[in-house]
Amino acid sequence: GKHQLLSVDQFTRESVEDLFRIADQMQPIARRQKVSRVLEGAVLGNLFFEASTRTRVSFGAAFCRLGGSVCDTTGFTFSSMAKGESIYDTSRVMSGYVDAMVIRHPEKGSVAEFAQATNIPVVNGGDGPGEHPSQALLDLYTILTEFSRLGKLLDGAHIALVGDLKYGRTVHSLIKLLALYRGLKFTLIAPRGLEMPDYLLEETGKQGHTIVQSSSLEEGLVGADVIYATRVQKERFAAEEIEGYTPDFQVNKAIVDKCCGPDVIVMHPLPRDSREGAHDLSVDLNHDTRLAIFRQTDNGIPVRMAIFAVLLGVEGLVQHSLRDVTW
Ligand code: CP
């Protein structure tokens, strides 16, 4: 079959934990203690038709740190799609140039369309309001790593998802991945009009999890083990839709101190919006160890290395490929 990462629907609890064991093997490379050249000679095509810092650079860095090379194109204006070239033609052309592609595109389903036109591995780097599977994987990896440090189990945990749950593709992928575990309590805290889509509520409920919807941050966060804040995806809808989004939805130190214990983990996929009037995640938690946002971004490297290792079939070679750094 084809080697693709399009949706978290592809995973079972077992296969996701297999991937994380490979990510653990990648940690010495991510931490610059070891080097590997298992992807020597391979070329990655990074096709980003929407803004990105983390996903584009960390997929590129992960590929390079395994010995491969990266070709980048960013934005419609720098690709021939600006001249009307189709997804099908673009995918066919790129297949002759590179050995794998990571694609971000503003339309839901577009990355699957790229993948259909090629036999090389394709990774969904975010398809509009659809999915962002690699982000959800690194988020789950982070939660499991943090829980392991704290001596907690994910089964039975209380996860609070906050903010734009309608257009935030990361939370769509994340709730599906978390639902692979048992007996979770999800508190979904969103302003009116930006609630989690019904199909995801139904799917998650059917899998035996408890879902509480709340429009009050203060009520919803009580007793949470994980707070996952998100940015309002203003680029995806008209401003009138977010009338209900106020500073009351901001995750900050005061509310975390008030509602949660010392072991809570505060997460955000980033970018957080630092402009005036944005209320997703305060900077007043920056030096608080409960804030895991930069541990999330760090984990993006080993998890994305593991994704490439599996898609390119070299996961069995990683352990013996490790060499000491010479720099
Ligand atoms: N979290 C995330 O996808 O970040 P970028 O948009 O910077 O890639």
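**Helices α2 and α10**

I began with α2 and α10, whose axes come within 8 Å and cross at roughly 55°. The model is a predicted one, and I read it as such. I noted the crossing of α2 with α10 as right-handed.

I then listed the residues in contact. On the α2 side I found Arg54, Ser58, Phe59, Ala61, Ala62, Phe63 and Arg65. On the α10 side I found Thr297, Gly300, Ile301, Arg304, Met305 and Phe308. By type, the residues of this contact of α2 with α10 divide into seven nonpolar, three polar and three charged.

**Helices α1 and α10**

Next I looked up α1, residues 13-30, against α10, residues 293-311. The axes of α1 and α10 come within 7 Å and cross at roughly 120°. I therefore put α1 and α10 down as oblique to each other. The crossing of α1 and α10 is right-handed.

From α1, I recorded Leu19, Ile22, Ala23, Met26, Gln27, Ile29 and Ala30. These meet Ile301, Pro302, Val303, Met305, Ala306, Ala309 and Val310 of α10. I sorted the residues of the contact of α1 with α10 by type and got 13 nonpolar, one polar and no charged. Ile301 and Met305 of α10 are in my list for α1 and also in my list for α2.

**Domains**

I looked up the domain division of the protein chain. Domain 1 takes 4-131 + 300-324, and domain 2 takes 133-296. The centres of domain 1 and domain 2, taken over C-alpha atoms, are separated by 25 Å. The contact between them takes 25 residues from domain 1 and 19 residues from domain 2.

Which elements supply at least two residues each to the side of domain 1 that touches domain 2? I noted α1, α2 (54-65), β6 (122-127) and α10. Of the contributions to this side, that of α1 is the most, with five residues. I divided the residues of this side of domain 1 into 11 nonpolar, nine polar and five charged.

**UniProt record**

Last, I checked the annotation. UniProt, in an unreviewed entry, lists residues 4-143 for "domain: Aspartate/ornithine carbamoyltransferase carbamoyl-P binding". In the model, the end C-alpha atoms of residues 4-143 lie 24 Å apart. I recorded this span as 41% helix and 20% strand.

Conventions. Residues are numbered from 1 along each chain as its sequence is written. This is a predicted model: local features need pLDDT of at least 70, side-chain atom pairs count only at pLDDT 80 or more; totals for chains, interfaces and linings use all residues. Axes are lines fitted to C-alpha atoms, for helices over the stretch in contact, and angles run from 0 to 180 degrees between N-to-C directions. Helices (H or I, at least four residues) and strands (E, at least two) are DSSP runs, numbered from the N terminus. Angles under 35 degrees count as roughly parallel, over 145 as roughly antiparallel, 65 to 115 as roughly perpendicular and the rest as oblique. A crossing is left-handed if the near helix is turned anticlockwise from the far one by less than a right angle, and right-handed if clockwise. Two residues are in contact if their C-beta atoms, placed from the backbone, lie within 7 Å. Ala, Val, Leu, Ile, Met, Phe, Trp, Tyr, Cys and Pro count as nonpolar, Asp, Glu, Lys and Arg as charged, and the others, Gly among them, as polar. UniProt positions are given in the numbering used here, feature names are shortened, and annotations may be inferred rather than shown by experiment. Domain bounds come from an automatic or database domain assignment.
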